[in-house]
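Have the viewer open as you read.

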Amino acid sequence: MDKPAPAPSAPSARDGLPNLSEAHAEVPTRERLAVAGPFAHPPRFLILYGSLRARSFSRFLAYEAARLLEAMGGEVRIFHADGLPLPDDATAEHPKVQELRRLSLWSEGQVWVSPERHGTLTGVMKSQIDWLPLSEGGVRPTQGRTLAVMQVSGGSQSFNAVNALRVLGRWMRMVTIPNQSSVPMAYKEFDEAGRMKPGPLYDRVVDMCEELMKFTLLVRERSDYLVDRYSERKERDPERLKAVAADVGFGSR
């Protein structure tokens, strides 16, 4: 009877890393996460909501989050999408687009609140996110910022919109916190003045705002280091940039 083949040895760094550029690789350290100079200003939050209705439950929920974050010591701005053009239906110089992008750059954390429509987020919500580019002039308007997601529904409990918002947050390179809020039958959860009624759903919003504040305090002074990537360090290498320029005919002659 044939003897079984010996088990393969466990992989180890001692095997070598021939594909790794040592000039651009680094070992993350606790020391690099230390904060040299703590920020003096309050944590800054931008809130987006996905409805233009006069009586908008997503706007009411956004306002509740704003009140809570302010009570916890944050500075809050809310973007109102009235007048924001559809993506590609205007240039990025449109005043509403410029306002949205300035607020995104100003923020250190964001809250996205959407109604659920046809099983996902609304077009109003998606248009706002679509106007935020991954990169603009070498600056990323969303990368490294914290994000909390919430939704309101007219019917029973659902998480379709918050799940879609999570996908978008990851795509926009944001630190999306674990907690979230979904408010079913929203018409029952807000009074005539638009204030959210007390109960477990309100408590969940408080939980989410607490968590967003904590994550923002952890991340905001370290975000440059946290989003510094090996692949992008390679892309920024002067020798690589010179080689690419020569490749496309812009090298020095």
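Let's start with helix α3, residues 123–130, where Met125, Ser127, Gln128 and Ile129 are buried. Buried here means under 20% relative accessible area, with exposed over 50% and partly exposed in between (1.4 Å probe, protein chains only). Helices (H or I, at least four residues) and strands (E, at least two) are DSSP runs, numbered from the N terminus. The buried residues of α3 pack against β1, β2 (75–79), α2 (95–106), β3 and α4 (160–171). Contact means heavy atoms within 4.5 Å.

Take serine 127, which lies in α3. Serine 127 counts as buried because its relative accessible area is 12%. Beyond its neighbours within four places in sequence, serine 127 is in contact with Leu84, Leu86 and Pro87.

## Ground rules

This is a predicted model, so local features need pLDDT of at least 70 and side-chain atom pairs count only at pLDDT 80 or more, while totals for chains, interfaces and linings use all residues. Residues are numbered from 1 along each chain as its sequence is written, and side-chain values use heavy atoms, with hydrogens and water left out.

## The nonpolar cores

The largest nonpolar core has 27 residues, and Ile47, Leu61, Val111, Val113 and Met150 have the most contacts inside it. Such a core is a set of buried Ala, Val, Leu, Ile, Met, Phe, Trp, Tyr and Cys residues joined through side-chain atoms within 4.5 Å. Two or more residues each come from β1 (44–49), α1 (57–71), β3 (109–115), β4 (146–152) and α5 (200–219). Helix α1 gives the most to this core, with 7 residues.

Apart from this core lies another, of 22 residues, including Leu48, Val97, Leu121 and Met172. As for Met150, leaving out residues up to four places away in sequence, its contacts include Leu61, Ala65, Val111, Trp112 and Val205.

## A phenylalanine cluster

The structure holds 3 aromatic pairs. Rings of Phe, Tyr and Trp (its six-membered ring) pair if their centres lie within 6.5 Å; planes under 30 degrees apart count as stacked, over 60 as edge-to-face and the rest as tilted. Phenylalanine 57 and phenylalanine 60 form an edge-to-face pair, 5.9 Å centre to centre with 80 degrees between the planes. Both lie in helix α1, 3 residues apart, about one turn of the helix. Phenylalanine 57 is partly exposed at 21% relative accessible area, whereas phenylalanine 60 is buried at 9%.

The rings of phenylalanine 57 and phenylalanine 190 make a tilted pair, because their centres are 5.8 Å apart and their planes at 35 degrees. This pair links distant parts of the chain, with phenylalanine 57 in α1 and phenylalanine 190 in the loop between β6 (181–183) and α5, 133 residues apart. Ring pairs link Phe57, Phe60 and Phe190 into a cluster.

The largest pocket has a volume of about 410 Å³. Of its 21 lining residues, the closest to the centre are Arg140, Gln143, Arg145, Ser223 and Asp224. On a 1 Å grid over the protein atoms alone, a pocket is an open set of points where a 1.4 Å probe fits, with protein on both sides within 12 Å along at least five of seven lines; lining residues have an atom within 4 Å of a point. Grid points are joined across faces, edges and corners, and a volume is the space filled by probe spheres set on the points.

The second largest pocket has a volume of about 210 Å³. Among its 14 lining residues, Arg53, Phe57, Pro115, Val152 and Gly154 are the closest to its centre.
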